[in-house]
Amino acid sequence: MAEAHQAVAFQFTVTPDGIDLRLSHEALKQVYLSGLRSWKKRIRRYRNGILTGVYPASPSSWIFVVVAVIATMYARVDPSLGMIDRIRDHLPTNGYLSNQSESILSGLLFGTGLWVALVFTMRQTLKLLLSYHGWMFIEHGKPSPSVKIWMLLVKIFSGRKPLTYSFQTSLPRLPVPSIKDTMKRYLESVHPLLDDEQFKRMQALAQDFERKVGPRLQWYLKLKSWWATNYVSDWWEEYVYLRGRGPIMVNSNYYAMDYLYIIPTWKQAARAGNTIHAMLLYRRKLDREEIRPLMGQSAIPMCSYQYERMFNSNRIPGLETDTLQHLKDSKHIAVYHKGRYFKVWLYHSGRLLKPCEIQFQMQKILDDQSLPQPGEEKLAALTAGDRIPWAKARSSFFSQGRNKLSLETIEKAAFFVTLDDTEQGFRKEDPVVSLDKYAKSLLHGKCYDRWFDKSLSFIIFKNGKIGLNAEHSWADAPIIGHLWESILATDQFQLGYTEEGNCKGEPSSGIPPPQRLQWEISEQCQEVIMQSLSVAQQLADDVDFHSFPFDNFGKGLIKRCRISPDAFIQMALQLAHYRDKGTFCLTYEASMTRLFREGRTETVRSCSTQATKFVLAMTDTTQTSEQKLKFFKQAAEKHQSLYRHAMTGAGIDRHLFCLYVVSKYLGVESPFLKEVLSEPWKLSTSQTPHQLLDLVDLNRFPEYVSSGGGFGPVADDGYGVSYIMVGENLINMHISCKFSSPETDSHRFGKHFRQAMLDILTLFNLDKRPSK
């Protein structure tokens, strides 16, 4: 109980001689340092709020403008065209100020107004410039003179040192496409998937919708687009993610992997020390808004809104809908190991714990031999099963006493950590099975050793391998990718390890040890936990996963073909799917709409008419290589066009989704929307972008390649495919499906994909790079 006494700043005892007051100077010191840190954070947030509020100008520019105005006044030049005199005439000074003071005050007010007008003009000009997206449709590397001028103006008006959220108010709003354009694009997208009779029927439904119900729904949607920051994002978050009543494990959450080949240290506690500290350094940079906004073409800013809820966030279950709880700060993390939960403080003496100190804390947890309390070991299964039982259990069994305090400790933690008791990762002696097991462990684990409601569940395995499981509602994969790349680079190339594999440095004394969380879980609650675990295990056991590196060639060779690497892979996926199932299907590729404020994603419908023509040509022995190559280039060009339209707000699916939501609010039935929204995505794909290319030089350190991440299958009889292009010569693939479907097999699909990539490459008559 020593640590409990340390946490109390003062104690007193009533005696016959009076009150005996005993102060703990160490505890008072910690209270003082904690308060000091909180005030520094408030001041920093206030400062950043000012800097962001006036960006792309700066507070110093206000001084310059005001001084310039007053200086011209002393030079007997009126820069205001009489406005300064008018301001002076209306000053309520009542004679208390001298004539000179009144002149200076009038000049100050005019200068301030002029500065505000300049800031507003600069911001609106930047917003107008960023509303132009024609640059995306110009051939890469061949910008026209007008685009070059536009790019120069964007750089001029973008300022020099933006904070994380500096561009938010300068980003344009996501436009609402016209009903006519969306109907046209939709019918074009489904044409290759339907026979003539089916297409005529769908065409009739679309025309009826466009003529009757559509305009009314569109009016409400445009009204929302004028009023809300983004007409899609809030409904997308609520109806696609938070209102789902099924398990979020596998179905929604996704994962990120460690380096493919490297484990910097085999010591679990040491790897935890460095990587947890790296996450905290990233969080601190995010709090200080020191993370530079992602820039397209090195000049066009992307929306940073999704970063806001990365840390200190948790999904709270509800009967009808879940909610996202986000705190401005959290001073602890929650740690799970062998069925026990611990609270670990992140600060000591007003500073972050050093990596060696976190290693010391993690080692204490690993050495703790205490047994789980009744119901504690599998408690997190509640977050893996259906949402309604978890919501009821939370309100019934965790609303008071120890259970409430312990649950709040987990939900209000900066993030969740699992010290896993298994070894995972790539093994040369068994590369296929080892990576598949690693992927499944990160996706669902044992179904009770990850807290799936936390925004981030960080996993450190027994052999030092790490991984991440992320809840999906608050952000999309590129945001997690940015964090993950930073953590991996910071861990190895900034913090590093000693020759013995420990974190560098020496821990300070007096750091409070990890605290066991206390539970009183009734037998009735334990029954609910086991029911949720049963649901989760059935789901997890049904996941067929195949993760593998495709190292025959990478984007370097693809670019030599003068083809978009993403379009190349997408066409290979179409060919692989056709060879796997003998049919075409509705295909989902996620693209981002972060060129707009609070933009998230849009769907690229990859199975186009041009793509199907190419695939059929590849299976036709009468077609020559030249004809096949021609069809391929047409399909790739069409895919790029679809991707660009999706990124610039001219997609199909988010518009249709929002029209459907409006129809539900109005109580209007639309056979067209009902059918469209019920169409299954039997091939769901996503590319994980490599964003921080400057952090790791793959030419110098070729073994430090990222494995990327993956997600579960979207349809019961479909595939989920994630891929990342690492460097010039490697593509890491993650393929998921379900064992219960006789139509799918992840390893079979993987073989088809490999062959499809090689077959397409042969069309170009290029020499592959030598295999290692």
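Which exposed residues does the face of α7 turned away from its buried side carry? I will come to that in a moment, after a word on the model.

What we have here is a predicted model, in which local features need pLDDT of at least 70 and side-chain atom pairs count only at pLDDT 80 or more, while totals for chains, interfaces and linings use all residues. Residues are numbered from 1 along each chain as its sequence is written, and side-chain values use heavy atoms, with hydrogens and water left out.

Helices (H or I, at least four residues) and strands (E, at least two) are DSSP runs numbered from the N terminus. Helix α7, residues 179-190, has twelve residues and reaches 17 Å from its first C-alpha to its last, close to the 16 Å expected at 1.5 Å a residue, where the expected span is 1.5 Å times one less than the number of residues. Buried means under 20% relative accessible area, exposed over 50%, and partly exposed in between, with a 1.4 Å probe and protein chains only. In α7 the buried residues are Ile-179, Thr-182, Met-183, Tyr-186, Leu-187, Ser-189 and Val-190. Seen down the axis of α7, these buried residues fall within an arc of 160 degrees, so they line one face of the helix; the arc is that of the directions from the helix axis to the C-beta atoms. To answer the opening question, the face turned away from the buried side of α7 carries the exposed residues Lys-180 and Lys-184. The cover over the buried residues of α7 includes α8 (196-211), α9 (213-227), β18, α23 (653-666) and α24 (671-677), with contact meaning heavy atoms within 4.5 Å.

Let me turn to helix α3, residues 59-74, which has 16 residues and reaches 23 Å from its first C-alpha to its last, close to the 22 Å expected at 1.5 Å a residue. Its buried residues are Val-65, Val-66, Val-69 and Ile-70, and they cover an arc of only 125 degrees around the axis, which puts them on the same side of α3. Those buried residues pack against α4 (83-89) and α5 (99-130), whereas the face of α3 turned away from them carries the exposed residues Phe-64, Val-67 and Tyr-74.

Now the strands, where two count as paired if DSSP finds at least two bridges between them. An open sheet of six strands runs in the order β16-β22-β21-β19-β17-β18, with mixed pairing. Strands β16 (543-550) and β18 (601-605) stand at the edges with a single partner strand each, so one side of each is left without a neighbour in the sheet. The pairing of β16 with β22 (residues 730-738) is antiparallel over eight bridges, and Asp-544 has Cys-737 as its bridge partner in β22.

Elsewhere, strand β3 (residues 254-257) pairs in the antiparallel sense with β14 (residues 466-470) over four bridges, and also with β20 (residues 709-711) in the antiparallel sense over three bridges. Tyr-254 and Ala-256 point one way from β3 and Tyr-255 and Met-257 the other way, and all are buried.

I will finish with Arg-309, in the loop between β5 (300-301) and β6 (313-316). Arg-309 is buried, with a relative accessible area of 14%, and a polar contact of 2.6 Å joins its side chain to that of Glu-237. By polar contact I mean a pair of N or O atoms within 3.5 Å; within protein, one must be able to donate a hydrogen and the other to accept it, and residues adjacent in sequence count only if both atoms are side-chain atoms.
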